[in-house]
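Trainee: Hi! Could you walk me through a structure today?
Mentor: Happy to. Open it up and ask away.

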Amino acid sequence: MEHEEGPFADKMNTMPKYVASRTLKDMEWNATLIEGDVPEEVAKLKRDSGQNFLIYGSSSLVRLLLQHDLIDQYRLMIHLVVLGAGKPLFTKIDGKKELQLAGTTTTSTGVVVLDYRPAASVTRR
């Protein structure tokens with residue numbers, strides 16, 4: 001988005017990004033490499049920053065943080081496309097992790113957005 005314009009591009013280009021990688025060393029696009037023990041570093045970021053974080057495009061990072069109870073909310077976007085194959089999101093999880101539905105939205109294009117939280121943290125309305 002570095003060459004894009006508009007409010008969304010401006011927000012994406014200026015917000016800090018944290019990258020968990022075993023291979024990358026040089027960071028660009030306002031990014032900081034998470035070094036060392038990833039769950040420990042993410043726990044520190046959550047505690048010290050007071051900010052929300054978004055995981056985009058890394059099922060292995062989701063699984064790792066899930067195992068360490070570091071995910072507060074899951075937003076699953078269901079697109080109306082059947083591919084017949086794909087990569088499972090929740091694989092290699094030790095034990096049962098109960099989630100509770102926290103909200104639903106359907107977009108004008110038919111995408112269903114499901115928000116889940118760990119069962120113990122859902123506040124009933």
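Trainee: What share of the 125 residues of the protein chain count as buried?
Mentor: In this predicted model, 19% of the 125 residues count as buried.

Trainee: And how many helices and strands does the protein chain have?
Mentor: There are three helices and five strands.

Trainee: What does the C-alpha trace span along its principal axes?
Mentor: About 40 × 35 × 35 Å.

Trainee: Let's talk contacts. Among those between residues at least 6 apart in sequence, what share join residues at least 24 apart?
Mentor: That share is 44%.

Trainee: Can we zoom in on a helix? What should the twelve residues of α2 span, and how far apart are its end C-alpha atoms?
Mentor: Helix α2 covers residues 38-49. At 1.5 Å a residue, its twelve residues should span 16 Å, and the end C-alpha atoms are 16 Å apart, so the two agree. The expected span is 1.5 Å times one less than the number of residues.

Trainee: Nice. Which residues of α2 are buried?
Mentor: Val38, Pro39 and Val42 are the buried ones in α2. They cover an arc of only 95° around the axis, so they sit on the same side of α2.

Trainee: What about the other side of α2, which residues are exposed there?
Mentor: Arg47 and Asp48 are exposed on that other side of α2.

Trainee: And what do the buried residues of α2 pack against?
Mentor: They pack against three elements: β1 (17-20), β2 (31-34) and α3.

Trainee: Let's stay with α3, then. How are two packed helices described?
Mentor: By the angle between their axes and the distance between the axes. For α2 and α3 (residues 59-67), the angle is about 75° and the axes are 10 Å apart.

Trainee: Are α2 and α3 roughly parallel or roughly perpendicular?
Mentor: Angles from 65 to 115 degrees count as roughly perpendicular. The two helices, α2 and α3, are therefore roughly perpendicular to each other.

Trainee: Which residues meet where α2 touches α3?
Mentor: From α2 you have Val38, Pro39 and Val42, and they meet Leu61, Leu64 and Leu65 from α3. Sorted by class, this contact has six nonpolar residues, no polar ones and no charged ones.

Trainee: Which residues are buried in α3?
Mentor: The buried residues there are Ser59, Leu61, Val62, Arg63, Leu65 and Leu66. Their cover includes β1, α2 and β3 (74-78).

Trainee: Tell me about Arg63. Why does Arg63 count as buried?
Mentor: Buried means under 20% relative accessible area. Arg63 has 15% relative accessibility, so Arg63 counts as buried.

Trainee: Leaving aside neighbours within four places in sequence, which residues is Arg63 in contact with?
Mentor: Pro88, Leu89, Thr91 and Ile93 are in contact with Arg63.

Trainee: What comes after α3?
Mentor: Asp69 follows α3, and the phi of Asp69 is positive, near 55°.

Trainee: New topic: loops. Where is Gly50, and is Gly50 buried or exposed?
Mentor: You'll find Gly50 in the loop between α2 and α3. Gly50 is exposed, because its relative accessible area is 65%.

Trainee: How far apart are Gly50 and Leu33 in sequence and in space?
Mentor: They are 17 residues apart in sequence and 19 Å apart in space, C-alpha to C-alpha.

Trainee: And the loop between β1 and β2, which lysine lies there?
Mentor: Lys25 lies in that loop. With a relative accessible area of 60%, Lys25 is exposed. Lys25 and Ala85 are 60 residues apart in sequence, and 33 Å separates them in space, C-alpha to C-alpha.

Trainee: What is the phi of Trp29, and what is the phi of Asn30?
Mentor: Trp29 has a positive phi of about 55° although it is not a glycine. Asn30 has a positive phi of about 60°, and Asn30 is not a glycine either. Trp29 is placed in the loop between β1 and β2, and Asn30 is in the loop between β1 and β2 as well.

Trainee: How exposed are they? I mean Trp29 and Asn30.
Mentor: Trp29 is partly exposed, with a relative accessible area of 29%. Asn30, at 41% relative accessibility, counts as partly exposed too.

Methods: Residues numbered from 1 in each chain as written. Predicted model: local features only at pLDDT ≥ 70, side-chain atom pairs only at ≥ 80, totals over all residues. Heavy atoms only, no water. Axes fitted to C-alpha atoms, helices over the stretch in contact; angles between N-to-C directions. Helix = DSSP H or I, 4+ residues; strand = E, 2+ residues; numbered from the N terminus. Parallel < 35°, antiparallel > 145°, perpendicular 65-115°, else oblique. Contact = heavy atoms within 4.5 Å. Nonpolar A, V, L, I, M, F, W, Y, C, P; charged D, E, K, R; others polar. Buried < 20%, exposed > 50% of the residue type's maximum accessible area, 1.4 Å probe, protein only. Arc of directions from axis to C-beta.
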